[in-house]
Amino acid sequence: MKQKISVADIREKKGKGRIVVVTSYDSTMTRIIDAADIDVILVGDSAGNVMAGRDNTLGITMDEMIYHTQCVTRTKPGALVIGDMPFLSYQTSVEDAVRNAGRFLKEADAQAVKLEGGIRVIEQVKAIVRADIPVMGHLGLTPQSVHAFGGFKVQARGEQAARLLKENALALQDAGVFSIVLECVPATVAKDVTDSLDIPTIGIGAGPHCDGQVLVLQDLLGMSKTFKPKFVKQYANLFDVIKEALDAYATEVREGAYPAQEHCFKD
Ligand code: KIV
């Protein structure tokens with residue numbers, strides 16, 4: 001059995017080695033992830049898109065996130081498991097934030113939570129950390145703000161926006177987060193933020209200078225023909241692999257080649 005990775009392990013990796021993060025939402029994929037050398041599993045609210053077929057992450061509920069996190073943690077992966085706090089589970093009040101963050105640990109066995117935003121949710125972050133729940137921050141293109149941003153756009157372009165991003169990152173660090181996701185920001189900005197912090201940054205569309213990288217599992221496995229953002233590298237083409245297997249199954253069923261003798265029970 002693999003040794004369980006802790007928040008402290010991730011925190012200590014700053015400046016020592018790159019941190020590898022993928023998303024997962026179910027037990028089948030988590031078992032495969034566990035066979036690979038992955039440091040962190042993020043049960044992202046991207047489950048709303050990837051698993052539930054929604055256009056954005058706004059609709060996913062706390063109960064759905066708890067369900068997906070349970071599906072992941074039941075397989076007991078060695079990677080650190082982080083539950084992603086969904087839209088309106090923490091923005092509404094400090095009390096809501098602590099109660100909902102706590103549900104990820106209490107009901108779903110996560111080791112930490114992630115939430116989006118910096119200074120505007122700093123009281124929530126401080127209160128969750130005070131409750132001994134480790135928090136990962138998320139800055140840059142925070143998908144729960146898609147309508148406020150007017151679309152999925154690269155953030156922190158220009159001197160002032162870059163300065164603001166850094167201020168928010170430093171505020172999160174002061175509030176006690178153990179790591180920060182930087183999403184869709186220029187590589188130079190991500191480098192400056194990474195160099196300014198004592199905690200690791202995890203990039204997605206934020207260039208090579210972050211302390212780690214995160215990708216949505218289905219994106220890196222090439223499971224979609226239609227969704228491929230610029231920052232995604234497809235390490236496999238599972239869409240075609242799975243389709244070919246399904247076509248072969250359909251052909252064999254229709255031709256009567258499956259099931260064969262070896263798939264049948266004897267009297
Ligand atoms: O929900 C998610 O999957 C995320 C990562 C892509 C950072 O927030």
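These legends go with close-up views of a predicted model.

**View 1**

**View 2. The largest nonpolar core.** Here we're looking at a set of 55 residues, where Ile-128, Ile-180 and Leu-182 have the most contacts inside the core.

**View 3. Zooming in on Ile-128.** Leaving aside residues up to four places away in sequence, Ile-128 touches Met-85, Ala-97, Val-98, Ala-101, Val-113, Leu-115, Ile-133 and Val-135.

**View 4. The largest pocket.** This one holds about 740 Å³ of space. Its lining runs to 34 residues, and Gln-213, Val-214, Leu-215, Phe-231 and Lys-233 are the closest to the centre. Strand β1 gives the most, with four residues, while α2 (27–35), β7 (201–204), β8 (212–215) and α10 (217–220) are among the elements that each supply at least two. By class, the lining has 26 nonpolar, four polar and four charged residues.

**View 5. The second largest pocket.** The volume here is about 630 Å³. Of its 33 lining residues, Ser-46, Pro-143, Glu-183, Val-216 and Phe-227 are the closest to the centre. At least two residues each come from α3 (47–50), β6 (179–183), β8 and α10. The lining of this second largest pocket divides into 16 nonpolar, nine polar and eight charged residues.

Key
Residues numbered from 1 in each chain as written. Predicted model: local features only at pLDDT ≥ 70, side-chain atom pairs only at ≥ 80, totals over all residues. Heavy atoms only, no water. Core = buried A, V, L, I, M, F, W, Y, C linked by side-chain atoms within 4.5 Å. Buried < 20%, exposed > 50% of the residue type's maximum accessible area, 1.4 Å probe, protein only. Contact = heavy atoms within 4.5 Å. 1 Å grid on protein atoms, 1.4 Å probe; cavity = no way out; pocket = protein on both sides within 12 Å on 5 of 7 lines; lining within 4 Å. Points joined across faces, edges and corners; volume = space filled by probe spheres on them. Nonpolar A, V, L, I, M, F, W, Y, C, P; charged D, E, K, R; others polar.
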